[in-house]
Amino acid sequence: MLENMCAWGEYKLEQLDDSPKRAEVCGVPVSEIRQDVKGIILAQPLDDARKQAKYILEHGPWPYFYFTNKGKGGIRRKTYLKDTKNKGRMPTNLWVYDEVGHTDGAKKELKTIFNGNIPFDTPKPTALLERILQIATEDDSLILDFFAGSGTTGHAILKYNMEHPNSQRSFILCTNNENNICEEVTYERIRRIIRGYGSVPGIPSNLKYYRTEFVPKDIDDVSDALLGHIAEMIQLEHGVKIDGSNYLMVMSDDEADALEQHWEQYQNIKAVYISKNVLLTTKQNVLFGSADIHIIPDDYFKFEMQEVGESW
């Protein structure tokens, strides 16, 4: 803050011993006021500071922070067009329908995708989600939509990636399957966007569908039950498919030995995901080293294991 204030004039930090006044302003007891906070005060005569600030006010450019009401109001931040993310206008809280769409247009879009049917009553416009992507995400962002509905978020991301060559945005959509919405609407919509529908060409992309499974925490061995889902966690994190051909998973020393014995049968291995409990031999380290080796982390189910007392 001192640096920002110095853009208007000469300021410095100084201990003011003003705890009672700060407590009054903040509306808290004096005992809760930190004693090590210094105040920002002028380091030049008031008349000189006033002239300098007035010149900047009238001739610019303004610093990024300024006070409203001729210096007597609250502090505001000024953003210049050259500093905006897409060299365009700043986001506002007024989004008009001809820019971000409306529900009626979203229904018509869904109707086109599903050959005249509207399988979801309240879809969001893809233009609305594209605006959010533009404001709130980066080219390499992973977007999670935990209430995916008709899948508009996924549709918007695929479309946005296609229209912006530098965008590598990916997404995870989650929803329940009430009335088969996940299988017949959410997933099916994204599948059609990727493959194309009617006269609309597809947007080449990868898509993976997962079903969750409930693992009771009162069963005999929660650890073993959760291990049965490690492959899905690896696939989600790395964007691959553990297919036993290009991508392999090794969870025990016996599996490592078996892989060593049949290594020549695997001609196109790209990566091997190995449990941290597996101790590879020197030969295996050299042999498997021709592929990318990833050690499977402990933290996939760390919270669940701690909850049942099998980890700490």
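## Salt-bridge network

In this predicted model, salt bridges link E130, K159 and E163 into a network. Within it, K159 pairs with E130, and their closest N and O atoms are 3.0 Å apart. K159 belongs to helix α8 and E130 to helix α7 (residues 126-136), so this pair ties together parts that lie 29 residues apart in sequence. The two partners fall into separate accessibility classes: K159 is partly exposed, with a relative accessible area of 24%, whereas E130 is buried because its value of 13% is under the 20% limit.

## Other salt bridges

The whole structure holds 16 salt bridges. One of them joins E183 to R211, with 3.3 Å between the closest N and O atoms. This pair links distant parts of the chain, 28 residues apart: E183 is in helix α9, and R211 is in the loop between β8 (200-201) and α10 (222-227). E183 is partly exposed at 32% relative accessible area; R211, at 63% relative accessibility, counts as exposed.

A further salt bridge is formed by D47 and R50, whose closest N and O atoms are 3.1 Å apart. Both residues are in helix α3 (residues 46-59), and because they are 3 residues apart, about one helical turn separates them. D47 has a relative accessible area of 49% and is partly exposed. R50 is also partly exposed, at 48% relative accessibility.

## Largest pocket

The largest pocket contains about 1800 Å³ of space. Its lining comprises 48 residues, and those nearest the centre are I172, L173, K208, Y210 and L236. Two or more lining residues come from each of β5 (142-145), α8 (152-163), β6 (170-173), α9 (181-195) and α11 (230-238). Of these elements, α11 gives the most to the lining, with 6 residues.

Sorted by class, the lining of the largest pocket consists of 24 nonpolar, 15 polar and 9 charged residues.

## Nonpolar surface patch

Conventions. Residues numbered from 1 in each chain as written. Predicted model: local features only at pLDDT ≥ 70, side-chain atom pairs only at ≥ 80, totals over all residues. Heavy atoms only, no water. 1 Å grid on protein atoms, 1.4 Å probe; cavity = no way out; pocket = protein on both sides within 12 Å on 5 of 7 lines; lining within 4 Å. Points joined across faces, edges and corners; volume = space filled by probe spheres on them. Helix = DSSP H or I, 4+ residues; strand = E, 2+ residues; numbered from the N terminus. Nonpolar A, V, L, I, M, F, W, Y, C, P; charged D, E, K, R; others polar. Salt bridge = Lys/Arg side-chain N within 4 Å of Asp/Glu carboxyl O. Buried < 20%, exposed > 50% of the residue type's maximum accessible area, 1.4 Å probe, protein only.
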